[in-house]
Amino acid sequence: MTALARQSQTASQTVSEAKIEVSGETAAFAADVIAGLSAMPKRLPPKYFYDRAGSELFERITELPEYYPTRCEIGILTERAQDIARLMPVGAALVEFGSGASTKTRIVLHETKSLAAYVPVDISAEFLRQQADALRREFPDLAMLPVAADFSKPFELPASVHELPRAGFFPGSTIGNFEPHEASAFLRHAARVLGRGATFIVGVDLVKDTQVLQHAYNDKQRVTAAFNLNLLARINRELGAKIDVATFEHHAFFNRERSRIEMHLASHKRQRIKICGECIDFRAGETIHTENSYKYTAESFGALARGAGWMPMAVWTDPKKYFSVHVLTLKDEPPAPRPRPDLATVG
Ligand code: AVJ
């Protein structure tokens, strides 16, 4: 084979691998959408909010006057940066679960001079690489070891941090997207990843006045509505559906009994939509449940963490007590995965 032929073969292989990758992601999206919309009640996983358009809308949400979590958490981290630095194991690797643009991490990195490495874990490989390059320029003395992975599933830490003590960072109250039992399973998983002696810093949104909560998810400029409706626009863009987005409406309310904000997309009318050849019927007013955002008290989250094998060391809040940052540590062995209730063989 000539060098040129070999070269072109490599090129076409790369292209077809890229295609497989893309169609694999789209196929997974299609399967999750069909499964969710065939379920009763209808639902869609919130992780699909964050395509390019959705990520930009989320950035705008964080700047809204009604959306207090981001401002409150940045305030707490800035105020407590020195305390955080003191609580970190010396020479530790800081592992961030779902790092995004690492905006909040920079506050910690600037203050914690004793860190040896930063391991941002994010599902978006391309964005992760760009962010790591920027961080390398800003923090030339810190080893930047990005890991492209779904942080909620098991993943391997880079070999070069195997011998280092670890600290974890999980800001933004992303933990509120999990059902409480899933949040507990995630905290156990994080304990296994971080290991003995680890410190874990977790941002958690707090239960508060219902009006404040509801306004944060029903902003005047309707950016949150656009963020929610973008899920349908994304289905149209990526799965070639023809959903009339204007026939759906953003609903967000605080479910006090379950202590969570629920977001839904409600169909104004009875209608049938078609996605990848599948027909989905809506009754007038029927909703798609698109997100839960659980709110905890400082005590209820502490109890959840303790139940998952962590020791609560400190909890900080903003002056209005809208948001909390928890510091957890792992004293003993990381917990073994909780045994699943097996179906006993009868007979
Ligand atoms: C990023 C999941 C924490 O629940 O407040 C913001 C997402 N949804 N507005 C949240 C969100 C609607 C956000 N989290």
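## Model and confidence

The structure is a predicted model, in which local features need pLDDT of at least 70 and side-chain atom pairs count only at pLDDT 80 or more, while totals for chains, interfaces and linings use all residues. Residues are numbered from 1 along each chain as its sequence is written.

The chain averages a pLDDT of 90, and 89% of the residues score at least 70; pLDDT is the predictor's confidence in each residue, on a scale from 0 to 100. Residues 1-21 have a pLDDT below 50, and this stretch has one contact in the model beyond near neighbours in sequence. Two residues are in contact if their C-beta atoms, placed from the backbone, lie within 7 Å.

## Overall make-up

The chain has ten helices and 14 strands. These elements are DSSP runs numbered from the N terminus, with helices being H or I over at least four residues and strands being E over at least two.

Of the 347 residues in the chain, 34% are buried. A residue is buried if 20 or more other C-beta atoms lie within 10 Å of its own, exposed if 12 or fewer, and partly exposed in between, with C-beta atoms placed from the backbone. Among contacts between residues at least 6 apart in sequence, 71% join residues at least 24 apart.

## Ligand shell

The residues around the ligand are Ile-61, Pro-69, Gly-172, Ser-173, Thr-174, Gly-176, Asn-177, Tyr-217, Thr-224, Glu-291 and Ser-293. A residue is near a molecule if its C-beta atom, placed from the backbone, lies within 6 Å of it.

By class, this shell has three nonpolar, seven polar and one charged residues. Ala, Val, Leu, Ile, Met, Phe, Trp, Tyr, Cys and Pro count as nonpolar, Asp, Glu, Lys and Arg as charged, and the others, Gly among them, as polar.

## Helices α2 and α9

The axes of helix α2 (residues 52-62) and α9 come within 9 Å and cross at roughly 170°. Axes are lines fitted to C-alpha atoms, for helices over the stretch in contact, and angles run from 0 to 180 degrees between N-to-C directions. The helices α2 and α9 are therefore roughly antiparallel to each other. Angles over 145 degrees count as roughly antiparallel, those under 35 as roughly parallel, 65 to 115 as roughly perpendicular and the rest as oblique.

On the α2 side the contact is made by Ala-53, Gly-54, Leu-57, Phe-58, Arg-60 and Ile-61, and on the α9 side by Val-223, Thr-224, Ala-226, Phe-227, Asn-230 and Arg-234. This contact has seven nonpolar, three polar and two charged residues. Ile-61 and Thr-224 are also among the residues around the ligand.

## Helices α3 and α5

The axes of helix α3 (residues 68-79) and helix α5 (residues 103-111) come within 9 Å and cross at roughly 5°. The two helices are therefore roughly parallel to each other. In α3, Glu-73, Ile-74, Leu-77 and Thr-78 meet Lys-104, Ile-107 and Val-108 in α5. By class, the contact has four nonpolar, one polar and two charged residues.

The buried residues in α5 include Lys-104, Thr-105, Ile-107, Val-108 and Leu-109. Their cover includes α3, α4 (81-87), β2 (93-97), β3 (117-122) and β6 (166-170).

## Selected residues in helices

Asp-32 lies in helix α1 (residues 3-38) and counts as partly exposed, with 15 C-beta neighbours inside 10 Å. The C-alpha atoms of Asp-32 and Pro-45 are separated by 7.7 Å, and these residues are 13 apart along the chain.

Ala-132 is in helix α6 (residues 125-138) and is partly exposed, with 17 C-beta neighbours inside 10 Å. Leaving aside neighbours within four places in sequence, Ala-132 is in contact with Pro-120, Met-144 and Pro-146. The C-alpha atoms of Ala-132 and Ala-101, 31 residues apart along the chain, are separated by 9.3 Å.

## Backbone details in loops

The peptide bond from Met-40 to Pro-41 is cis, with omega near -5°. Pro-41 sits in the loop between α1 and β1 (42-43).

Arg-222, a residue other than glycine, has a positive phi near 65°. Arg-222 is found in the loop between α8 (210-216) and α9 (223-239) and counts as exposed, with 12 C-beta neighbours inside 10 Å. Lys-321 has a positive phi near 60° and is likewise a residue other than glycine. Lys-321 lies in the loop between β13 (311-317) and β14 (323-329) and is partly exposed, with 13 other C-beta atoms within 10 Å.
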